[in-house]
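Here is a friendly walk through one protein model, written for someone who likes cut-offs spelled out. Have the viewer open as you read.

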Amino acid sequence: MIVRYRRDFNARFTEARYAELLRRLEEATGTRIEFPVSETPCFFPRELMERMVAAGIELTSQLVGSKSYMEKSEVAIPEAYRVPGEDAHPHFMTVDFGLVRDAAGELQPKLVEMQAFPSVFGYQVELSKAYVDVYGLDQKLEWFFGGMDEARYWERMREVIVGRHDPENVVLAEVAPETQKTLPDFRVHEKRLGIRTVDVAGLVKEGSKLFYRDGGRLVPIERIYNRVIVDELVRKGIVLPFDYRDELKVEWAGHPNWYFRVSKFSIPFLDHITVPGAVFLDYWYAGSGRERLPEDRSQWVFKPLYSFAGKGIQFAPTDEELAAIPVEDRRNYLLQKRVNFVPVIETPEGMTQAEVRILYVWPDGGEMVPMISLVRMGRGLMMGVDHNRGQKWVGGSAGLFPATDLHR
């Protein structure tokens, strides 16, 4: 988007450098990258990035700490997965924005989703660095927010994930982590923080304590960096060695309840210029909130509240598709005004859309801190892999911005 960076990059791009980028990433993460990596970073005006950072904090503040919202979001937590000992606020926030044009033709961020759950905090650092180093980009370009450097970044991450514990007693818990596409991110966390990645189904419960196996010994777990998506547990019928409702002697870095509290469920409760109209399906059937949606149904998006990675999303839903949802399940679905992404990234394959995710941490007793961004590039209806198969100059990318704003 910053013309001088964009055109210079496109002119100097070579497939050899892209191959070196991928090699560098696999070396840094110690494993194969199984998801698409875009050939290019995205060059955003600093002011635009700062606007998205501020909007994410404003949106979160409307929910977290609101007594009214906390009471209403109780119903979002499934009883079977309601974990005791909920923290006063989430430790992680991700807020996704699409870029649209307003009536004056200016680019504006619009909320796509927000989730109180970790993202690829580790991998994204390595990707951002690799773009700058491999392509020989301007060394003054930044990717950390708030003037943070890499050392301070990992100090923050250690504070939130490891806390006061010995790293040996802190685990990154996931469902079959070796099979997850986010494995490169897990490996970076292991290397940077000294923690262990474990399969949540392989943990051992003795009394109120959890352990992981290290060869022939059981190692006690004092804190869990939670990467488990409940939707995946349910879909795969995974039986855990503990019950989420157990009173366990363990701390959570990313308490599981927040995944439900701050999610797609939150969108109808938000009041902000960046938020598109949204209404729960059961409310819509009852005639409430219909004015929030445009008359043109092609501008509607239909979403299950608790799916992950875009599963189950439908565009322009028909009456038959809506009616197919059982009455008792309608409260678990959302109708939302579609965010019409504007193609803003000039690439050799044509103009490409970008969805920007702002990643935050929130230390105990501290404030919500913006850390880094993640960008997904695509030319399909959505930014996910399934909607951009066989295309180039799409996939995961990084948001780079100048130390001071430049004219575009």
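## Helix 5 against helix 7

The axes of helix 5 and helix 7 come within 6 Å and cross at roughly 95 degrees. Axes here are lines fitted to C-alpha atoms, for helices over the stretch in contact, with angles running from 0 to 180 degrees between N-to-C directions. Helix 5 and helix 7 are therefore roughly perpendicular to each other (65 to 115 degrees; under 35 counts as roughly parallel, over 145 as roughly antiparallel and the rest as oblique). Helices (H or I, at least four residues) and strands (E, at least two) are DSSP runs, numbered from the N terminus.

On the helix 5 side, F121, G122, Y123, E126 and K129 meet P184, D185, V188, H189 and R192 of helix 7, where contact means heavy atoms within 4.5 Å. Sorted by class, this contact of helix 5 with helix 7 has four nonpolar, two polar and four charged residues. Ala, Val, Leu, Ile, Met, Phe, Trp, Tyr, Cys and Pro count as nonpolar, Asp, Glu, Lys and Arg as charged, and the others, Gly among them, as polar.

## About the model

This is a predicted model, in which local features need pLDDT of at least 70 and side-chain atom pairs count only at pLDDT 80 or more, while totals for chains, interfaces and linings use all residues. Residues are numbered from 1 along each chain as its sequence is written, and side-chain values use heavy atoms, with hydrogens and water left out.

## Helix 7 and its surroundings

Helix 6 also meets helix 7: their axes come within 11 Å and cross at roughly 95 degrees. Helix 6 and helix 7 are therefore roughly perpendicular to each other. E150, W154, M157, R158 and I161 of helix 6 make the contact with V188, H189, R192 and L193 of helix 7. By class, the contact of helix 6 with helix 7 has five nonpolar, one polar and three charged residues.

How many of the 11 residues of helix 7 are buried? Eight are, so helix 7 (residues 183-193) is largely enclosed by the rest of the structure. Buried means under 20% relative accessible area, exposed over 50%, and partly exposed in between (1.4 Å probe, protein chains only). The buried residues are L183, P184, D185, F186, V188, H189, E190 and L193. Their packing partners include helix 2 (15-29), strand 4 (170-174) and strand 9 (223-226). Just after helix 7, G194 takes a positive phi of about 75 degrees.

## Aromatic pairs

The structure holds 29 aromatic pairs. Rings of Phe, Tyr and Trp (its six-membered ring) pair if their centres lie within 6.5 Å; planes under 30 degrees apart count as stacked, over 60 as edge-to-face and the rest as tilted. The rings of Y81 and Y244 have centres 5.3 Å apart and planes at 75 degrees, so this pair is edge-to-face. Y81 lies in the loop between helix 4 (67-72) and strand 2 (92-101), and Y244 in the loop between helix 8 (230-236) and strand 10 (251-253), so the pair ties together parts that are 163 residues apart in sequence. Y244 is buried, with a relative accessible area of 5%.

Y131 and Y135, by contrast, are stacked, at 6.3 Å centre to centre and 20 degrees between the planes. These two are four residues apart in helix 5, separated by about one helical turn. Y131 is buried at 0% relative accessible area, and Y135 is buried at 2%.
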